Amino acid sequence: MNRRVPLLFLNVFVIATCGLIYELLAGTLASYVLGDSVTQFSIIIGLYLFAMGIGSWLSRFIETNLAERFVDVELAVAVLGGVSAPLLFFSFANLSYFNVILYAVVIGIGTLVGLEIPLLMRILKDELDFKELVARVLALDYVGALAASILFPIFLVPTLGLVRTSLMFGILNAAVGLWGTWLLFPLIKPGKILFLRIKGVFVIALLIIGAIKADTLTVLAEEGLYQDSIIYAESSKYQRIVVTRGRTGFALFLNGNLQFNSFDEYRYHEALVHPPMLAYPGTPKRILVLGGGDGLAVREVLRYKSVESVTLVDLDPDMTSLGKRLPVLSDLNRHSLDDKRVEVINADAFVWLSDTKTEPFDVAIVDFPDPNNFALGKLYSTRFYKLLRSKLKPESSVVIQSTSPLYARNSYWCIVETIEAAGFTAKPYQTTVPSFGIWGYVLAKQTPFDPPKEVPKDLDLAFLDSRSMEDMFNFPVDTDRPKEELEINRLDNQALVRYYEAEWRRFE
Amino acid sequence: MLTRREILKAFVGLPLALAACKSPSGTSGMDGRIVGASNNIGHILRERRKFEVAEEGWTNVGTVIVGGGIAGLSAGWKLKKEGFDDFVLLELEKKAGGTSVSGTSPLVSYPWGAHYLPVPFKENEDLVGLLKEMDLIESFAEDGDLVIPEQFLTRDPEERIYYKGRWYEGLYLYPGATKEDLRQLNAFQQKIDEWINWRDGSGMRAFSVPVSSCSEDPEVIALDRVSFAEWLTRQGFTSDRLIWYCDYACRDDYGLTLSQTSAWAGIFYFSSRVRKAGEESQPFITFPEGNGRFVDHFATEVKAQTMSSALVVEVIPSENGVEVVFLDTETNTAKGVRAKNAIFAAPIFTTGFLVRGFSNSAPFDPAEFQHNAWFVANLFLKERPKNRFERDFPLSWDNVLYESRSLGYVTATHQKGIDYGPTVLTYYYPMAEKELKAGMNKLLSLDWKELADICLTDLERAHENIREATTRIDIMRWGHAMISPRPGFIWGGEREKAMKPFRNVHFAHSDLSGIAIFEEAFHHGLRAAGEILEQGSRG
């Protein structure tokens, strides 16, 4: 036994490294998915240390077969620690009680790791005198922790990622356990040795399979956040752009919010574009599109032969270039953004409207994301609509996508009243887009007018006809203008952002 | 020589100083310089050198205005409006504007000092007239109140406060406030409400803008004899958050701590812009360049009369006029202006140095008009300052750090609606030393690198990426930034004495109100111009 002691110390070092790696993994992962890294790390370190205390205390109840139990504990840590990262990713994406799983995993690993050192010290107590034993074991324990804490941020996270780091250290941990059956051979009952080794091999095999599948596991875990598989994902300067593909078609998400699903986007875009185009007296030539970087609204605009120019102003160059680059998207928008009549300008529409001098437009199509933050809220303010007015002819028509009058009734009508306060006559309308629910728009002009009645057949639309056009302008009771007085959304009160947050929070 | 750590400790506290000193980066790779405010030529005044003006160096005009801050500019603006353009305005710097000057960059303009104007009550007709002329009034409500176009009012989100790692909406720190904190806040508001609704026998408000429209009832004046800190204590206010809130108000508006500020001035801050109890305080008119918008308006009006880079070295009142000797700092030649009368629109404490014969028969004591020192830094960022936490309250117009001695920063791009990418942050730091003079000396002893490091270290507590994001820092050291409304100053009598002309020299400065705000400077500019015009019509 005596000459195996140095090797057992190597064992201590590996155990310590693995232990700290699991702790760092849990902390990092929790701050990735939950944010607030100070809180996450603080809670996880605390829980982990506390659990190690529990483990150490529990070690007193293990009276016999110390070496055998030690190997068991090693293999258990290997399994739990090894699968911790994929398990946690997966449960965050799929379960609502992620925190429970997170803390259970941390306590589990901590308890097992807490058992290791006391057991090992008891195994070694007959080989060395106590002073030497404590000094060496604890010293190596801390050196292992140091190694882990340096390796983790510098090498492991950047090169392997969380899931593979987790599995790799699980394997290492299990290997040390298996090796223990040789190192501690004299201390293990002969009848038990084979069974222990089989367990060890099984754990290692399991984790190796996991590691090979790690790539799929990561995607699987992240994809749980979306219903369908991700075909494109990037973080631009302004937002996270994700495109997914499922059975019904593909979908675009900005910052996790659905922008369209190819299955029913025609409903949304036909309802958005044709009312203002048809409300324009005569033939619309100069069109302004604000937002709508996916090019789908422009596709509808280009159905009109009279259109001579389309100016599309969208904040994010990555989004507008995606509308040209990504085949599924450019097929869907029929390469509208490559049309020579279309000019794409990447700017904040508010700043663009205040700083740019242009000829007036015939029709303006305003298709921004819902007003869920202050930067977007300004694009729905009286000031914004007044700026927009200054870019129009007296007879021009305008449409504004205006969130759901069912889910966010006050928000919707706040937009309507803000448009009215900016000097427009507003004709609110709504339709059903299955992916979104009941969806609202506002058609507006600077003088009183009637909404268009006829939808020409030669436009060849899939959704809108003369009858459905008329229907859109009728509001059922549950979506109609609320009785109570609504605030007007101004730059200096941003009332809309506050309505919107209060209303949509109910559905989160 | 102080070490980096000692300087940082003095300005931002020891923990941050220690943390910052661990990283050697400091301001490396950053551009910038100390700008403006000719502190270095102040010594010429103190040396009392003699300047001989050659005969061809003299200009003869009706009136000479000394100083091109808001008071001097508005005096000139008023004279011109009344059809009187026989005057010159002498400005020390290359650009007029005093502490309301602004700077420009290709992205956005930004303030170097004063950066907003609360919407005046309709009763302040002069100021309403100015706003009307500048096309800043959309309409008038039925009751006569001003309706300001929304793009000129502070855009929401207006203010946020940083505390222990997170940003929260508003200026009062609600998160974690105890019941007692909230009770005291409420009680404080009630006290303020009493003063808002208070009227004297003749119906005058206790607190109103300009100060000259405030009641002089002994009950109100008595407030000026104690410090705001003492007043709060006497009313039983002990809540840390409330005390902080009031202290912040004093530092923000007056550059003084709670115990340096007169209770009258403290209550003025909270009550003078509220029409009646329960109503909102008047909203702020603001521009990316702050009050630089007003400066530019005035400066354009009086362009033909303005002589800049003119360091006035002596004002010599005579039997039937006044002579002003100044050094043209561009050509380094002494020049002079002979006029019938002068409007002295420089800080009042300089009267003793500048006006010949003043000290022999001084009608008031210039040393009573004490100024305090500030520094203002404009940080040019290539990207937005990052919050530590994604869901924190977002970047606002005014961003205040609870645990900092600075006033935080204002975002120049906010009012323009530029919400992404590069921006300019204007960071304010009042010295607020026990001895005001010591504050100035300490400030002037620090160089660009040290001041830039202070502001980065301070902001780094809230924005980890501030050093990477900042490409340039320009810094203005205001040695004499604004008048200090210490206890006893506003209603102690010196102000009133200084409002009377000394021979042919009429005084005009916000110093004469004891409160350094646009409205007061404007008021005194117009008052002095009025005195000149009246004399002209009589003589």
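Reader: Which residues is B:Val324 in contact with, leaving aside neighbours within four places in sequence?
Author: B:Val64, B:Val66, B:Leu90, B:Val312, B:Val315, B:Gly336, B:Val337 and B:Ala342. Contact means C-beta atoms, placed from the backbone, within 7 Å. This is a predicted model: local features need pLDDT of at least 70, side-chain atom pairs count only at pLDDT 80 or more, and totals for chains, interfaces and linings use all residues. Residues are numbered from 1 along each chain as its sequence is written, with chains lettered from A and ligands numbered from 1 in the order written.

Reader: How many residues has the largest nonpolar core?
Author: 151. B:Val64, B:Val66 and B:Val324 have the most contacts inside it. A core is a set of buried Ala, Val, Leu, Ile, Met, Phe, Trp, Tyr and Cys residues joined through C-beta atoms within 7 Å. Buried means 20 or more other C-beta atoms within 10 Å of the residue's own.

Reader: And what is in the second core?
Author: That separate core has 83 residues, including A:Leu272, A:Tyr412, A:Phe436 and A:Trp439.

Reader: New topic. How is chain B divided?
Author: Into domain 1 (4–30 + 371–483), domain 2 (41–101 + 290–366 + 491–538) and domain 3 (180–251 + 260–282). The bounds come from an automatic or database domain assignment.

Reader: How many residues does the contact between domains 2 and 3 of chain B take?
Author: Seven from domain 2 of chain B and nine from domain 3 of chain B. Their centres, taken over C-alpha atoms, are 33 Å apart.

Reader: What about chains A and B?
Author: 18 residues of chain B are in contact with 18 of chain A.

Notes
Contact = placed C-beta atoms within 7 Å. Buried ≥ 20, exposed ≤ 12 C-beta atoms within 10 Å, placed from the backbone.
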